[in-house]
Structure formats: C-alpha cells, structure tokens
There are 2 protein chains.
Amino acid sequence: MQITSKFTIAIHIITAIDYFRDSETVTSKFLAGSVGANPVIVRNVMGDLKNAGIIDVSRGKSGIDLAKKLEDITFYDVYKAVDCVSGEGLFHFHEQPNMECPVGRNIHRVLDEELLGVQDAMEARMKKVRLSDIVNKARREIIKETT
Amino acid sequence: MQITSKFTIAIHIITAIDYFRDSETVTSKFLAGSVGANPVIVRNVMGDLKNAGIIDVSRGKSGIDLAKKLEDITFYDVYKAVDCVSGEGLFHFHEQPNMECPVGRNIHRVLDEELLGVQDAMEARMKKVRLSDIVNKARREIIKETT
DNA sequence: TTATCCTGTAATAATTTTTATTACATGTTG
DNA sequence: CAACATGTAATAAAAATTATTACAGGATAA
C-alpha cells in the first residue's frame with residue numbers, strides 16, 4: 001500500500017501555483033496539464049486545499065492563488081488537507097480477529113498504541129518540511145536546466 | 001490509503017505462535033481461525049516470515065515455531081518481511097507529470113528526497129518496537145480479563 | 001446583461017490493489 | 001501407506017483509487 005497520489009498532486013499544485021503566479025492564469029485545467037491528471041481530480045484536491053485555508057480559489061476568470069506564505073505550509077498541513085489516512089489510521093487492521101480467542105480479542109487494543117506511535121513519528125517528520133523548501137529547490141533545479 | 005493488513009496479521013501470528021506454543025499445535029488453519037482470515041492468506045504471510053528468518057515452518061504435523069527470540073524481532077523486521085511498501089516507497093507519486101512543463105519535469109526529483117526522509121522517520125520508529133513488548137502486553141491484557 | 005469562462009459536485013465507470021477461495025502437488029510424521 | 005500441513009498457482013470477489021462525463025452556479029468583462 002501507499003499514500004494516495006492526492007498528496008504529491010497537492011504538493012505539485014502548490015508549487016505550480018507559486019511558480020506560474022506571475023506569468024500564467026492558473027486554472028484547474030492548466031494545473032491538470034502540468035500534473036498529468038484529470039481536471040476533476042485537480043479540482044477536488046483544490047477543494048481540499050481551499051477548505052484547509054492553504055489556497056484561495058474563486059469561480060470565473062480570477063484564477064487561483066496561495067492563501068498562506070509558503071514558509072507557513074508544511075507537508076503535514078497538506079497531508080491533513082487531502083485526508084491521506086482518513087479516520088482509520090496509517091495501518092489497516094485486519095477486520096475480524098476471533099473474539100473467542102484470547103489473542104484475537106486483545107490484539108487490537110494491544111497494538112493500537114504502538115501503531116499510533118509509528119504514525120506519530122511519521123507525522124512529526126512531516127511537520128518539519130516546509131513548502132518553501134520544496135519550491136526553492138524546484139526553482140534551483142529549473143534554473144540549473146538552462147545552463 | 002493504509003498499510004496492508006498483512007502487517008497486523010503478521011504481528012498477530014507471531015503473538016499467537018508464542019502464546020499457544022505450549023498448549024496447542026499451531027497450524028495455518030489454527031492461526032487463520034484466530035486471525036479471522038483465510039488460511040491461504042496466513043500461509044502466505046507465514047512464507048514471508050519464514051523467508052525473513054523470523055519463524056520456522058515445516059510440512060507435515062510438526063507445527064510452527066519462532067526462529068528468533070521475541071526481543072530480536074522489531075516492527076521493522078516484520079514490515080520488511082511482508083513487504084508493505086514494495087519497491088515503490090511509502091508515497092504513491094502521480095505517474096504522468098508533464099515533461100513539457102518546468103515544474104512537471106522536476107517535481108519528482110525535487111520531492112523524492114523529502115518523501116524518503118518521512119519514510120525513514122517512520123521506519124526508524126518501527127525499529128524501536130520489539131515483539132517482546134507486544135507479547136508481554138498481550139499476556140498482561142489476557143490475565144487482566146480473568147480478574 | 002449577456003456571453004464566456006471556471007469552479008463545485010454528483011454520478012458513473014474504469015482501473016488497480018487487496019483479500020478470499022479453490023485446487024492440488026509436495027513434504028512430513030506416525 | 002495413511003493422514004495431515006505447507007507451498008503455490010490460478011481464479012474470483014471485494015474494495016479502493018483514479019478517471020470521465022455532465023451540469024449547475026458564481027465571476028468577469030465587453
């Protein structure tokens with residue numbers, strides 16, 4: 001299993017919004033072209049990012065913009081915004097342990113604490129990555145191409 | 001997305017093997033009963049654990065046993081054994097970023113390093129959880145039930 | 001204000017991944 | 001040899017992810 005591509009799509013979108021802010025009118029169609037996915041997928045991710053207060057979107061010809069400074073957006077914010085692990089947690093627990101069995105009826109409670117610890121460690125790391133790091137790095141890479 | 005239930009099944013299996021070691025002949029069918037999954041699923045997980053040197057399995061009536069001490073088995077060992085994230089990494093990258101677009105053709109390279117950092121943090125945490133912790137806790141919970 | 005463009009969202013379908021099932025060959029024990 | 005278990009392939013069922021179509025409704029500009 002893997003974490004949905006909605007996450008990398010969201011990061012891609014934010015990067016593109018910033019990068020093309022001055023040169024293009026950024027729409028879901030434009031972004032879909034850059035991402036290589038369907039415009040509706042992009043609009044759904046845009047909706048998530050909008051609800052999370054990360055981007056500003058309005059209808060009509062206005063275009064899309066960032067609602068926060070890149071320094072103030074972390075991987076974690078985006079991960080939460082697109083709801084990568086829903087309410088279920090990072091680990092999918094097998095659904096029907098046998099309640100007649102002493103191991104079966106206790107394993108869930110026993111494991112949950114440790115599983116959550118692992119998830120917490122991942123999320124803590126995500127809080128340390130800022131979108132400004134990503135965008136800066138992308139700009140450097142793009143400049144490097146032309147030399 | 002979530003990490004496959006093969007992982008929690010594997011932990012469940014190891015716990016049950018240890019718990020029932022003295023009182024039952026532990027077979028894939030027996031384990032499948034405790035886990036609440038198909039015996040073939042259990043046998044596949046058993047195969048993974050066997051290949052990783054975590055359990056000993058033999059055909060015929062011999063039963064299943066642990067190949068290592070519980071203190072020497074970590075979440076990470078099990079996670080690697082059942083190949084939770086295959087070769088692809090924890091994050092599923094959208095597959096077709098547009099190579100005509102400066103953002104599109106650089107985003108993968110730019111993100112990969114940070115995504116790997118997150119994955120590493122998760123795996124590092126998994127290396128700290130020992131199966132002995134789990135089994136001990138399970139035994140305590142089971143004893144608590146009877147009081 | 002009206003034509004145009006774009007977002008929001010529902011409904012549906014296609015694809016991929018997980019999980020389950022059936023079947024049987026092979027090895028082991030007594 | 002008989003009884004039982006694992007190993008594994010082939011297949012199917014179920015669930016999750018991603019894509020597509022369609023259209024209502026807000027925003028903009030002439």
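**A predicted two-chain model and its interface**

B:Phe75 touches residues of both chains: A:Leu111, A:Glu114, A:Leu115 and A:Val118 from chain A, and B:Phe7, B:Ile11, B:Met126, B:Val129, B:Leu131 and B:Ile134 from chain B, leaving out residues up to four places away in sequence. Contact here means heavy atoms within 4.5 Å. The model is predicted, so local features need pLDDT of at least 70 and side-chain atom pairs count only at pLDDT 80 or more, while totals for chains, interfaces and linings use all residues. Residues are numbered from 1 along each chain as its sequence is written, chains are lettered from A and ligands numbered from 1 in the order in which they are written, and side-chain values use heavy atoms, with hydrogens and water left out.

B:Phe75 also belongs to the largest nonpolar core, which has 98 residues; A:Phe7, A:Phe75, B:Phe7 and B:Phe75 are those with the most contacts inside it. A nonpolar core is a set of buried Ala, Val, Leu, Ile, Met, Phe, Trp, Tyr and Cys residues joined through side-chain atoms within 4.5 Å. Buried means under 20% relative accessible area, exposed over 50%, and partly exposed in between (1.4 Å probe, protein chains only).

The interface itself can be described next. The size of an interface is often given as the accessible area lost when the parts come together. Between chain A and chain B the buried area is about 5,200 Å², and carbon and sulfur atoms give 66% of it; this is the accessible area (1.4 Å probe) that two parts lose on being put together, summed over both. Chain A contributes 57 residues to the contact and chain B contributes 57 residues. There are 23 residue pairs in polar contact between chain A and chain B, both residues being at pLDDT 80 or more. A polar contact is a pair of N or O atoms within 3.5 Å; within protein, one must be able to donate a hydrogen and the other to accept it, and residues adjacent in sequence count only if both atoms are side-chain atoms.

On the side of chain A that touches chain B, at least two residues come from each of helix H1 (5-19), helix H2 (28-35), helix H5 (107-126) and helix H6 (131-145) of chain A. Helices (H or I, at least four residues) and strands (E, at least two) are DSSP runs, numbered from the N terminus. H5(A) gives the largest share of this side, 13 residues. The residues of the side of chain A that touches chain B comprise 31 nonpolar, 17 polar and 9 charged. In this division Ala, Val, Leu, Ile, Met, Phe, Trp, Tyr, Cys and Pro count as nonpolar, Asp, Glu, Lys and Arg as charged, and the others, Gly among them, as polar.

Side chains of opposite charge can pair when their charged atoms come close. A salt bridge is a side-chain nitrogen of Lys or Arg within 4 Å of a carboxyl oxygen of Asp or Glu. The structure holds 16 salt bridges over all chains, and the count between chain A and chain B is 6. One salt bridge links the side chains of A:Glu113 and B:Lys137 (2.6 Å, N to O). A:Glu113 lies in helix H5 of chain A and B:Lys137 in helix H6 (residues 131-145) of chain B, so this pair joins two chains. A:Glu113 is exposed at 54% relative accessible area, whereas B:Lys137 is buried at 16%. B:Glu113 and A:Lys137 likewise meet in a salt bridge (2.7 Å, N to O), and this pair crosses from helix H5 (residues 102-126) of chain B to helix H6 of chain A. Here B:Glu113 is exposed at 55% relative accessibility and A:Lys137 is buried at 17%. In a further salt bridge, between A:Arg105 and B:Glu145, the closest N and O atoms are 2.7 Å apart.

A:His94 is found in the loop between helix H4 (75-81) and H5 of chain A and is buried, with a relative accessible area of 6%. Its side chain has a polar contact of 2.9 Å with that of B:Thr8 and a polar contact of 2.9 Å with that of B:His12. A:His12, in helix H1 of chain A, is buried at 0% relative accessible area. Apart from neighbours within four places in sequence, A:His12 is in contact with A:Ser34, A:Val35, B:His94, B:Pro97, B:Val103, B:Gly104 and B:Ile107.
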